[in-house]
Amino acid sequence: MKSLQGTWAIGRNTFTELVRMKVFYFLLIFALLIIGNSAFVSKFSFQEQFQMLKDISLGAMSVFSSLLAILATANFLPKDMEDRTIYTILAKPVPRFSYLLGKLIGILLLLALAILLMTGLFLLVLWLQERGVLAETRAQLQGVPAEELQTALKEVTAATFNANLLPGIMIIFVKSALLASLTLFLSTFASSGLFAILMSVAIYFIGHLQATAREYFLSGVDIHWWSRVLAVGVALIFPDLQAFNFVDDVIAGVAVPTGLFLETMALGGLYVAVYFFLAAMVFAGREL
Amino acid sequence: MIVRRLLSVVLLAAFGAAILPFQVRLAAQAKAAHLRSTALDLDLRERIGQMGFLAALSGFRSPLAAFLWIEAHTAWENTEWGRMAGIFNTVTTLQPRSLLYWDMAAWHMAWNASVAAMQDEKQPSEALRIRAQRQYFNLGRDFLERGIKNNPDRYQLYLQLGVLLRDKLEDHSAATDAFLRAAEFPDAPPYCRRFAGYEMAKIPGREREAYEFLKALYLQGEKQRLPTLVNLLRQMEKKLDIPASERVDNP
């Protein structure tokens, strides 16, 4: 119980520390991006405006959350060691496992809050834009039969929000949580924050090709032995980040089946847990 | 420390091997649900450049498609039709499940570019202007047909293909088929079936079939009895010499 309290205290402190680092300034850029986009695309048809708002907002959400996960997590251990705060904490009866778990909880809280704020901002702009288009449509269709007006208004509403966007956003969170956990694992044997960042970014790109390597290796194509070894290595060691890329299709109006959504969330959770336990294992043996 | 690092890599590989069947199953499920079906190949790499391709590979297909769409709009303002067609190809490759992109690309080609080709003052030969116009019609058709291949589970592009075949290519038989395919979807609006009937009525030799088809729609109730349908049925009754007792307005 005491260990849990300690973990929670570290998580809360990590979260506060990150908030004090003014990481939320990136939200200003996000806001500028989506509001600026809305102003710029006003000459397009309303369907195009909504499509572009969703494309850019959810794309930016994915970029910002991934960057935040990698950059914020990579500096934890090297910074705590440089500041010597880690020694003060671990000198108390706080297991290394709890220390790491607290750090992960802190970053996950930050990611959840950041994605929540971005989602709120995105939905607000989408709603305001929808209201504008609805008012414009009502003004243009004055005097037409009520049924025709309703059909036109329904068409506008259908082009704006659809419930499928929410699973897409939740998967963005899971993907960023996976990246945070992976970066934490890398930082347990990294000598500097920069090394962990570079490694995480490299794995981010390789992870998006993992599915290709897996298909290549499983297809049984006759290839050189070293190509096969490479494909097997990539398929087994790196995470399949393409599995978490639903947002592009969700924007296009494709529904994610519930089973697939839940299994993808479970896969993400599994990756987070495995990377965390490996991080704890390596960190337990690290000389401080 | 080194032992632990090595052990972590071994455990990671073991975990990767354990979840491999799960990953394969998830990928198959996603494919079946028409998710993640974009073909990121060398052709696309050449069209969008190295950075664009990297962005597309990293899961940023949709913002990239949005930026390219804005570029296509600029090309439209400058009436650069060829460039527009190229950008549309790229955008639809990046976002093949977005109906809007296929629909708008086809509309720009078959409606805007084709009209511009017919009014091209630099081309004195009318025959060549007509030829260019037909090429843009076909380009529009090609966008819709490729869009349908990527979205066989949605009615909208079948409907748009029907409209293009009806209004631009005047291929009533193909338009009928397209409207009928659209009407097969449970969420398709009821006018898809009516449009199919109207087009069928224009096909020489299929007037009787069209009459029966439209009459069946008429008998479905008030919602289908629009003035166009009723007028067409009356004209066909006269043309086909339908006995008075069998006519739709027979009390």
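# A walk through chains A and B

With 9 C-beta neighbours inside 10 Å, R84(A) counts as exposed, because the limit for that class is 12 or fewer. The structure that contains this residue is a predicted model. R84(A) belongs to the loop that lies between α4 (76-83) and α5 (85-91) of chain A. Its backbone deserves attention: although R84(A) is not a glycine, its phi is positive, at about 65 degrees. Most residues other than glycine have a negative phi.

D241(B) is located in the segment after α11 (227-240) of chain B. The model places 6 C-beta neighbours inside 10 Å of D241(B), so this residue also counts as exposed.

Chain A contains 12 helices and 0 strands, and its pattern along the sequence reads α-α-α-α-α-α-α-α-α-α-α-α. The C-alpha trace of chain A spans about 80 × 55 × 35 Å along its principal axes. Chain A has 288 residues, of which 45% count as buried. When contacts in chain A between residues at least 6 apart in sequence are considered, 82% of them join residues at least 24 apart.

V133(A) is one of the buried residues: it has 20 C-beta neighbours inside 10 Å and therefore counts as buried. It is part of helix α6 (residues 96-140) of chain A. If residues up to four places away in sequence are not counted, V133(A) touches F46(A) and V156(A). T188(A) stands 55 residues from V133(A) along the chain, and the C-alpha atoms of the two are separated by 52 Å.

The packing of helices in chain A can be followed in one pair. Two packed helices are described by the angle between their axes and the distance between the axes. For helix α8 (residues 165-189) of chain A and helix α9 (residues 193-218) of chain A, the axes come within 9 Å and cross at roughly 135 degrees. α8(A) and α9(A) are therefore oblique to each other, and their crossing is right-handed. On the side of α8(A), the contact is made by L179(A), L182(A), T183(A), L186(A) and S187(A), while α9(A) contributes A196(A), M199(A), S200(A), I203(A) and Y204(A). By class, the residues of this contact of α8(A) with α9(A) comprise 7 nonpolar, 3 polar and no charged.

Chain B provides another helix pair, formed by α5(B) and α6(B), whose axes lie 8 Å apart and which pack at an angle of about 175 degrees. That angle makes α5(B) roughly antiparallel to α6(B), because angles over 145 degrees fall in that class. Among the residues of α5(B) that make the contact are L99(B), W102(B), M109(B) and M118(B), and those of α6(B) include R129(B), Y136(B), F137(B), F143(B) and L144(B). The contact of α5(B) with α6(B) has 15 nonpolar, 4 polar and 1 charged residues.

In the contact between them, 14 residues come from domain 1 of chain B and 10 residues from domain 2 of chain B. On the side of domain 1 that touches domain 2, α5 (99-118) and α6 (126-150) of chain B each supply at least two residues. α6(B) accounts for the largest share of that side, with 7 residues.

Where the chains meet, 37 residues of chain B are in contact with 48 residues of chain A. On the side of chain B that touches chain A, at least two residues each are supplied by α1 (2-32), α3 (61-77) and α5 of chain B. α1(B) gives the most to this side, with 16 residues. Sorted by class, the side of chain B that touches chain A has 21 nonpolar, 11 polar and 5 charged residues.

Technical notes: Residues are numbered from 1 along each chain as its sequence is written. Chains are lettered from A and ligands numbered from 1 in the order in which they are written. This is a predicted model: local features need pLDDT of at least 70, side-chain atom pairs count only at pLDDT 80 or more; totals for chains, interfaces and linings use all residues. Helices (H or I, at least four residues) and strands (E, at least two) are DSSP runs, numbered from the N terminus. Two residues are in contact if their C-beta atoms, placed from the backbone, lie within 7 Å. Ala, Val, Leu, Ile, Met, Phe, Trp, Tyr, Cys and Pro count as nonpolar, Asp, Glu, Lys and Arg as charged, and the others, Gly among them, as polar. Axes are lines fitted to C-alpha atoms, for helices over the stretch in contact, and angles run from 0 to 180 degrees between N-to-C directions. Angles under 35 degrees count as roughly parallel, over 145 as roughly antiparallel, 65 to 115 as roughly perpendicular and the rest as oblique. A crossing is left-handed if the near helix is turned anticlockwise from the far one by less than a right angle, and right-handed if clockwise.
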